[in-house]
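Please keep the structure in view while reading.

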Amino acid sequence: MAQNKRYLFRRGVNLFNLGMSMVATVFGLFWLAWLLWTLVSHGVRALNLNLFLQDTPPPGAPGGMANAIIGSLMLTAVGVLIGTPVGILAGTWLAEYGRANRLASLIRFINDILLSAPSIVIGVFVYGVLVAPLGHFSGWSGGVSLAIIMLPVVLRTTEDMMRLVPDQMREAAAALGAPRWKVTVFIVQRASIAGMLTGVILGTARISGETAPLLFTALNNQFHSTDMSQPMANLPVMIFQFAMSPYEGWQQLAWAGALIITAAILILSISARLLLRANTFEK
Amino acid sequence: MSGSTHTTRWRDSLADLLFRGLTQLAALTVLALILAIMAVLIDKAWPAFHTFGLKFFTSTDWDPVTNKFSALTSIYGTLITSLIALIIAVPVSFGIALFVTELAPQWLRRPVSTAVELLAAIPSIIYGMWGLFVFAPLFADKAQPWISSHLGHWPIIGGLFQGPPIGIGVFTAGLILAIMVIPFITSVMRDVFDVVPIVLKESAYGIGCTTWEVMWNVVLPYTRIGVVGGIMLGLGRALGETMAVTFVIGNSHDISLALFMPGNTISSTLANEFSEAVGPLYTSSLIALGLILFFVTFVVLAIAKLLLLRVEAREGAKT
């Protein structure tokens with residue numbers, strides 16, 4: 001009898017805790033659904049074609065966010081164009097030359113810390129080296145801080161993906177007399193190109209939503225400007241300023257911007273996943 | 001004939017050397033970067049540390065008018081919001097990882113994992129807007145009065161639940177941080193749970209353990225290093241998170257034990273005040289805050305990484 005009670009108790013605990021685990025899952029997904037629903041319901045109302053044609057208005061006037069969209073694209077492009085080559089080269093070194101090497105382990109370790117380092121500190125750093133000495137905020141400094149955030153993402157994925165390539169392929173190519181750099185570029189990188197591309201896409205998704213490092217580098221600009229040496233309009237900082245403002249029209253624009261940027265980022269990250277999955281299934 | 005082969009060889013080895021040098025140079029930029037970040041932050045923060053000395057860490061002054069600055073309120077806010085975040089996020093992440101690895105049918109595992117990971121893809125500014133405009137009003141209206149009137153009079157912990165029902169404050173910031181770090185902790189937990197040898201679990205089931213007992217008495221002890229590593233990773237993220245917190249914490253430079261009171265964190269202070277700071281001492285004090293944040297997150301993330309490396313090493317030793 002006592003044994004039976006003990007058994008029922010254990011069954012009860014089991015059932016309760018497994019139930020709680022389902023509750024936890026629903027809890028996590030609930031916030032995702034709520035967030036997305038908020039974005040859609042607030043954002044769709046404010047969506048119209050003028051968003052893409054007109055610049056950010058003064059309070060009370062109608063307008064769009066064309067300058068912020070263009071600015072964001074330019075800043076992200078600079079970040080990607082600097083971050084990607086450095087990240088890929090560095091990842092290549094770690095994968096091909098740094099397998100059992102103290103220096104490589106240290107770089108790997110530091111890179112993983114950079115990967116999660118607070119982005120606002122990167123902003124402060126770039127402010128210290130680029131903004132303060134030059135005396136003004138600029139698009140270039142914004143692009144550089146995004147590149148610093150992009151670099152560890154690309155580096156990590158590049159190394160991981162190149163390491164998946166079997167050593168037999170390297171040995172086969174080397175046996176045919178190919179020099180090492182040809183083995184690396186034409187065999188190893190070619191085999192892992194899809195994975196490396198995934199890293200670039202994920203990095204792009206990550207930096208296109210970054211706000212904190214742009215606050216004191218690119219700042220913002222009310223007007224249309226493609227001059228990278230001047231303060232530059234960009235979506236995240238515009239959303240921040242407009243959302244915090246007391247003006248109804250500005251807040252509407254902020255919601256529209258939030259919807260656009262999140263949609264773009266979710267499309268990027270989901271396509272990166274699909275790309276990776278399509279290419280891992282082949283193997 | 002032999003001469004041309006010789007030149008090719010020579011050219012190839014030069015190309016190899018250049019290629020290796022170029023990639024190594026790129027890899028070294030990572031080290032240069034972290035050293036440069038430290039050097040610049042220390043250099044720019046020095047005036048503040050020099051002026052205020054140890055008082056920078058012990059006083060609660062923050063007054064741009066009289067040029068008196070200190071870090072204590074921001075450090076307190078950063079720690080308390082991250083603590084709230086972990087208290088909520090750790091059990092939830094454990095639950096999700098348990099569900100995904102043990103309970104869910106095969107076809108449901110991937111969609112659920114992907115959906116949870118999408119939480120990490122959403123930019124933090126979106127969390128901030130949602131928190132300020134959607135969550136805070138609802139929380140102030142529905143939940144806060146009830147919590148304050150029911151829990152607010154309890155001895156000892158009652159003080160925690162007092163404060164104006166405005167929806168924003170330390171607790172709201174902590175809750176939003178929790179949602180933001182759940183995907184990071186969950187994904188590490190899921191990964192380490194997945195590598196527990198099937199034989200261990202089957203042995204436990206074989207002697208009559210329930211799913212929960214296998215999880216709690218076999219899987220969790222076996223993976224505890226990785227689990228702690230994942231929690232530290234989440235903590236590192238929570239400490240440095242900026243925009244979401246800036247929207248909902250209320251930005252006051254006071255220390256208050258009550259969770260519904262407005263506060264500030266290091267990152268929210270930087271986001272709010274940095275571009276408007278006037279005077280070298282003000283800017284320097286803000287950079288000093290940044291340096292403290294960088295140092296703390298560096299230590300936390302380094303511990304996380306070391307723990308996860310130990311897990312990897314053990315995995316490697318087995319195979």
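## Terms for helix packing

The model discussed here is predicted.

## Helices α4 and α6 of chain A

In chain A, helix α4 covers residues 102–116 and helix α6 covers residues 139–163; the two pack with their axes 8 Å apart, at an angle of about 130°. For that reason α4(A) and α6(A) are described as oblique to each other. The crossing in which α4(A) passes α6(A) is left-handed.

On the side of α4(A), the contact is formed by A:R108, A:N111, A:D112, A:L114 and A:L115, which meet A:P152, A:V153, A:L155, A:R156, A:E159 and A:R163 of α6(A). Sorted by class, the contact of α4(A) with α6(A) has 5 nonpolar, 1 polar and 5 charged residues.

## Helices α3 and α8 of chain A

A second pair in chain A consists of helix α3 (residues 66–96) and helix α8 (residues 180–191), whose axes come within 12 Å and cross at roughly 105°. It follows that α3(A) and α8(A) are roughly perpendicular to each other.

From α3(A), the residues A:I88, A:T92 and A:E96 take part in the contact, while α8(A) supplies A:R180, A:T184, A:V188 and A:Q189. By class, 2 nonpolar, 3 polar and 2 charged residues make up the contact of α3(A) with α8(A).

## The interface of chains A and B

The size of an interface is often given as the accessible area lost when the parts come together. Between chain B and chain A, the buried area is about 7,400 Å². Carbon and sulfur atoms give 81% of that area. Chain B contributes 82 residues to the contact, and chain A contributes 82 residues.

## Salt bridges

How many salt bridges does a search of the whole structure find over all chains? The search finds 15. Across the interface of chain B and chain A, the rule finds 3 salt bridges.

One salt bridge links the side chains of B:E213 and A:R10, with an N to O distance of 2.7 Å. B:E213 lies in helix α8 (residues 211–222) of chain B and A:R10 in helix α1 (residues 2–46) of chain A, so this pair joins two chains. Another salt bridge is formed by A:R273 with B:E117, where the closest N and O atoms are 2.7 Å apart.

Technical notes: Residues are numbered from 1 along each chain as its sequence is written. Chains are lettered from A and ligands numbered from 1 in the order in which they are written. This is a predicted model: local features need pLDDT of at least 70, side-chain atom pairs count only at pLDDT 80 or more; totals for chains, interfaces and linings use all residues. Side-chain values use heavy atoms; hydrogens and water are left out. Axes are lines fitted to C-alpha atoms, for helices over the stretch in contact, and angles run from 0 to 180 degrees between N-to-C directions. Helices (H or I, at least four residues) and strands (E, at least two) are DSSP runs, numbered from the N terminus. Angles under 35 degrees count as roughly parallel, over 145 as roughly antiparallel, 65 to 115 as roughly perpendicular and the rest as oblique. A crossing is left-handed if the near helix is turned anticlockwise from the far one by less than a right angle, and right-handed if clockwise. Contact means heavy atoms within 4.5 Å. Ala, Val, Leu, Ile, Met, Phe, Trp, Tyr, Cys and Pro count as nonpolar, Asp, Glu, Lys and Arg as charged, and the others, Gly among them, as polar. Buried area is the accessible area (1.4 Å probe) that two parts lose on being put together, summed over both. A salt bridge is a side-chain nitrogen of Lys or Arg within 4 Å of a carboxyl oxygen of Asp or Glu.
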